[in-house]
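Hi,

Here is the structure I promised to pass on to you. Have a look at it first, and then read on for my notes.

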Amino acid sequence: MALAESVDRDANRALRARFDEVYGQYRRLRSGLDELQTKLAELRVTERSDDGQVTATVGARGELIAVELSPAVFHDRDARALSRKITTTVHRATAAAIAATQDLVAGYLPAGSGSVDFLGSGDFGALLGRADTVIQSEGERRG
């Protein structure tokens, strides 16, 4: 009986240590959440077209904040070309904002977090795949 109690105490100590570690990670993440939200709200990315005639500014989620046009864009009188130039510039700004958001969020999440990858890819399968792997490995350890 003494051996079983000793094993139980050792297992409980290991579980408690793991809980303390995970809880500490959670507290660090939670304490940084307000700061992260502020930084994301303030994040602005600006891109210019190759010829400098179009400037697009977007927020952290790629939402369009502003488009500025140089007076030179009106000399060409080519509405389709201007439309393509604006669209391309906004897309570049959005891609840069996604990358900046990933970098910012990565500093607040545990290493290897699928959440950071999800921000760039939008792939729920990859995000859930990590959770599935963790659950499966826990099940194998217990089983």
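T87 is partly exposed, with a relative accessible area of 38%; here buried means under 20% relative accessible area, exposed over 50%, and partly exposed in between (1.4 Å probe, protein chains only). T87 sits in helix α3, where helices (H or I, at least four residues) and strands (E, at least two) are DSSP runs, numbered from the N terminus. A polar atom of the T87 side chain lies 2.9 Å from the backbone oxygen of S83. That falls under polar contacts, meaning a pair of N or O atoms within 3.5 Å; within protein, one must be able to donate a hydrogen and the other to accept it, and residues adjacent in sequence count only if both atoms are side-chain atoms.

Before going further, two notes on how to read this. This is a predicted model, so please keep in mind that local features need pLDDT of at least 70 and side-chain atom pairs count only at pLDDT 80 or more, while totals for chains, interfaces and linings use all residues. Residues are numbered from 1 along each chain as its sequence is written, and side-chain values use heavy atoms, with hydrogens and water left out.

The C-alpha atoms of T87 and S49 are separated by 9.7 Å, with the two residues 38 apart along the chain. S49 is found in the loop between β1 and β2, and at 7% relative accessibility S49 counts as buried. What does the side chain of S49 reach? It joins the side chain of D51 in a polar contact of 2.7 Å, and one of its polar atoms lies 3.1 Å from the backbone nitrogen of Q53. Leaving aside residues up to four places away in sequence, S49 touches V54, K85, T89 and R92, where contact means heavy atoms within 4.5 Å.

Now the sheet. Three strands form an open sheet in the order β1-β2-β3, with antiparallel pairing; two strands pair if DSSP finds at least two bridges between them. β1 and β3 are the edge strands, each pairing on one side only. From one strand to the next the twist averages 15 degrees, with axes taken as lines fitted to C-alpha atoms (for helices over the stretch in contact) and angles running from 0 to 180 degrees between N-to-C directions.

Strand β1 (residues 45-48) pairs with β2 over four bridges, and E47 stands opposite A56 in β2. Five bridges join β2 to strand β3 (residues 64-69). Across that pairing, T57 stands opposite A66 in β3, and V58 stands opposite L64. In the hairpin of β1 and β2, with five residues between the strands, G52 takes a positive phi near 80 degrees. In the hairpin of β2 and β3, again with five residues between the strands, G62 takes a positive phi near 85 degrees.

Is β2 enclosed or open? Five of the five residues of β2 (residues 54-58) are buried, so the strand is largely enclosed by the rest of the structure. In a regular strand the side chains alternate between the two faces of the sheet. For β2 both faces are covered: V54, A56 and V58 are buried on one side, and T55 and T57 on the other.

Most residues other than glycine have a negative phi. R77, however, has a positive phi of about 55 degrees although it is not a glycine. R77 lies in the loop between α2 (73-76) and α3 (79-106) and is exposed, with a relative accessible area of 78%.

As for aromatics, the count comes to one pair. The rings of F19 and Y23 have their centres 5.9 Å apart and their planes at 10 degrees, so the pair is stacked. The rule is that rings of Phe, Tyr and Trp (its six-membered ring) pair if their centres lie within 6.5 Å; planes under 30 degrees apart count as stacked, over 60 as edge-to-face and the rest as tilted. F19 and Y23 both lie in helix α1 (residues 2-42), four residues apart, about one turn of the helix. F19 counts as partly exposed at 45% relative accessibility, and Y23 does too at 40%.

Finally, the overall picture. The protein has five helices and three strands, running α-β-β-β-α-α-α-α from the N terminus on. Of its 143 residues, 20% count as buried.

Best wishes
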